[in-house]
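Have the sequence and the 3D view ready as you read.

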Amino acid sequence: MPTKSPSEILGVLGGGQLGRMLIQSAINYNQDIHILDPDPNAPCKDIAQQFQVGSLKDFDTVYAFGKNCDVITVEIEAVNTDALQKLAEEGKKVFPQPHILKLIQDKREQKQFYAQHGIPTADFVLTENKADVIAKKSFLPAVNKLGKEGYDGRGVQILRSEADLEQAFDAPGLLEKLIDFDKEIAVTVARNEKGDLIAYPAVECAFHPTANLVEFLFAPAEITPEVEEKAQQIAKEVILKLDMVGILAVELFVTKSGEVLVNEIAPRPHNSGHHTIEANFTSQFEQHLRSVMNWPLGNPDLRCPAAMINLLGEDGFSGPAIIEGKEEALAEKGVYIHLYGKKLTKPFRKMGHVTILDESLEALKAKANRIKELIKIKSIS
């Protein structure tokens, strides 16, 4: 009898909610996924074919994990790129490529890449420490960003005037001109080894006023066709100039004069693409899988207007999580709740998201505001 060769094993560094949703897509294709994560209770723990506890930043741990995989990818950028580089040199497929991850790990390198390749972005100056920021006070108002380790709103702060300089980061970073933007949008692009390339329609992001995390997302973005075209072309240009394989979220500012500027990029599925699970023909998670496995890329078009709400832990609550308003929300048409398997909540922790579908953006916005007020993540203590 003919024997079927086993499928390639996809190893993922990181076992958080992005890995969890990637596995949910992979199940449809009988694709085995192995996960490495430092948290023994990570969201992927119970659904990966193999789950290993270990540091993502330790060379030996990452290298040993990768040796047992055929293709290796990430769901978080903070990983040991030297181990990934050695694995790539030994013939393992590593996407996104290790040198790209290394570049994106440092916002200073990232910004210099844009400048060197003619990619439109806000003016910036590099800074070495707090004293250096103070010495460059004439550059204010600006956004002060840490070069490394910033994540989910941490490592970023606005310095509007000299009175704010005491808050400056005392580590290598940069000052980026504060843009008086009209909208913040995001375009996700994906590319496989064959060179196939797709771009998702732009989405519009609204940020939490204090947590610096996306609070609402609306798709499609309310922008002109000209701005849409410009945003898609810039996002494609970024992934092509990186020569990257995988999925890339490109966050952009739209200025009041219609300019489109790159803010930051993420070489993995991203919060700005969660709605695609229900709202698009191919979700960002399936697209990530298709791109790194060199499968044909899926159609990225929207099925209908959509909104996404991040479910963040309520301020003032820490401990075992309880979800208020879930049943009332589920009774509504076009409401899809995704919980991330996190048992403990704390203020502003990402605990899940809700996708809402409707036929018009106006109705969608009203429903999104209602659902946001309805569902609350609190704790029993």
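Which strands does helix α9 (residues 284–292) lie across? Helix α9 lies across β1 (10–13) and β4 (71–74), and runs at about 140° to β4. Helices (H or I, at least four residues) and strands (E, at least two) are DSSP runs, numbered from the N terminus. Angles run from 0 to 180 degrees between N-to-C directions, with axes fitted as lines to C-alpha atoms, for helices over the stretch in contact.

This is a predicted model, where local features need pLDDT of at least 70, side-chain atom pairs count only at pLDDT 80 or more, and totals for chains, interfaces and linings use all residues. Residues are numbered from 1 along each chain as its sequence is written, and side-chain values use heavy atoms, leaving out hydrogens and water.

- Five strands form an open sheet in the order β3-β2-β1-β4-β5, and their pairing (at least two bridges found by DSSP between two strands) is parallel.
- β3 (50–53) and β5 (93–94) are at the edges with a single partner strand each, so one side of each has no neighbour in the sheet.
- Four bridges pair β2 (residues 33–37) with β3 in the parallel sense, and I35 stands opposite F51 in β3.

**The antiparallel sheet**
- Another open sheet has four strands in the order β6-β9-β7-β8, with antiparallel pairing.
- Here β6 (124–127) and β8 (156–159) stand at the edges, each with a single partner strand, so one side of each lacks a neighbour in the sheet.
- From one strand to the next, the twist averages 25°.
- β7 (residues 142–146) and β9 (residues 173–177) are joined by five bridges, and A142 stands opposite K177 in β9.
- Helix α5 (residues 107–116) packs on this sheet, touching β6, β7 and β9 (contact means heavy atoms within 4.5 Å).
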